[in-house]
Amino acid sequence: MQIKEEKQGDVMIVTIDDHLDTAAAPAFEQRLLGLIDGGERKVLIDCGPLEYVNSAGLKVFLLAAKKLEPVGGQFIICSLAPSVLMIFEMIGFTRIMKIAPNREDALRAFGVTAAT
Amino acid sequence: MHEGSITLHIAADVREIERLNRLVRQFGELHDVPSRTLYSVNLALDELVTNVILYGYEEGSEKEIAVKLETTKDGLVASVADEAKPFNPLNVAAPDLKAPLEERQLGGLGIHLVRSLMDHVSYKREKGKNVLTIRKRIK
């Protein structure tokens, strides 16, 4: 699984691959929780390329959100494809996580103005 | 949609799930299964097989999982048969979707997805096997 990291202002943007399944989830979990352990407090997951996610992958989002909340962090997920958004709704993640339609909106929610 | 069925034998290894997904997609394309139906059935099968590999079988088990997928007049029916000890995942409590973030549990998400995505899910213990049958109608 390809995971891309980039920093914009104080926001850590993590872009994930097209498939987040049982085989890919452990690497994603390690990277994402590692970033939070390393002190990242504003984390944006860009799911633009994501076409398929199963419960193993979904658990990683839940773990990260649970880890960031008590330390005053912010966790936003953006650019979900309709089929993936349907899955997020089905398991109630849209109630407990912030979902943005695209990266620009997500960065605005973090209080970062897009670089010109 | 064309009539047909396929039976797949899956080894107890998480890397097999990618192969399962590929074969299910190929079956769907060959039989002109609508993509939304195929997406749901593919994900449900992934969840059921993943559960068996991670929790039903011992690591490195030689046992297999038999997945059968079939088109019907009005949709798809699939079954997952494993040789693990008797376990009915439908008895797993549904996650509390209204719980606040700090109280949300990690377990039960997969079977909840299966139930939500499918029109019908049933379990039986038959000839020493757990058999889960799922149905999805084409709307």
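What percentage of the 116 residues of chain A count as buried? The value is 36%. A residue is buried if 20 or more other C-beta atoms lie within 10 Å of its own, exposed if 12 or fewer, and partly exposed in between, with C-beta atoms placed from the backbone. The model is predicted: local features need pLDDT of at least 70, side-chain atom pairs count only at pLDDT 80 or more, and totals for chains, interfaces and linings use all residues. Residues are numbered from 1 along each chain as its sequence is written, while chains are lettered from A and ligands numbered from 1 in the order in which they are written.

Chain A holds 5 helices and 7 strands. Helices (H or I, at least four residues) and strands (E, at least two) are DSSP runs, numbered from the N terminus. Their order in chain A, from the N terminus on, is β-β-β-α-β-β-α-β-α-α-β-α. The C-alpha atoms of chain A fill a box of roughly 35 × 30 × 25 Å along the principal axes. The radius of gyration of chain A is 13 Å, which agrees with the value near 13 Å for a compact globule of 116 residues. This radius is taken over C-alpha atoms, and the globule rule is 2.2 Å times the number of residues to the power 0.38. Two residues are in contact if their C-beta atoms, placed from the backbone, lie within 7 Å. Among contacts in chain A between residues at least 6 apart in sequence, 73% join residues at least 24 apart.

Between the chains, 18 residues of chain A are in contact with 20 residues of chain B. On the chain A side, α2 (55-68) and α3 (82-90) are the elements that give two or more residues. Helix α2(A) gives the most, with 7 residues. The chain A side divides into 9 nonpolar, 5 polar and 4 charged residues. Here Ala, Val, Leu, Ile, Met, Phe, Trp, Tyr, Cys and Pro count as nonpolar, Asp, Glu, Lys and Arg as charged, and the others, Gly among them, as polar.

In chain B, 5 strands form an open antiparallel sheet in the order β1-β2-β3-β5-β4. Two strands pair if DSSP finds at least two bridges between them. The edge strands of chain B, β1 (5-11) and β4 (120-126), each pair on one side only. Neighbouring strands are turned by 15° against each other on average, direction ignored. Strands β2 (residues 64-72) and β3 (residues 75-82) of chain B are joined by 8 bridges. E70(B) stands opposite V77(B) in β3(B). Helix α2 (residues 35-56) of chain B lies across β1, β2, β3 and β5 (129-137) of chain B, at about 5° to β3(B). Axes are lines fitted to C-alpha atoms, for helices over the stretch in contact, and angles run from 0 to 180 degrees between N-to-C directions.

Helix α3 (residues 109-117) of chain B is largely enclosed by the rest of the structure, because 7 of its 9 residues are buried. Among them are H112(B) and L117(B). The buried residues of α3(B) pack against α2 and α3 of chain A, and against α2, β4 and β5 of chain B.

Most residues other than glycine have a negative phi. S79(A) has a positive phi of about 60°. S79(A) is in the loop between β6 (74-78) and α3 of chain A, and counts as buried, with 21 C-beta neighbours inside 10 Å. Phi of K127(B) is also positive, near 50°. K127(B) is in the loop between β4 and β5 of chain B, and is exposed, with 7 other C-beta atoms within 10 Å.
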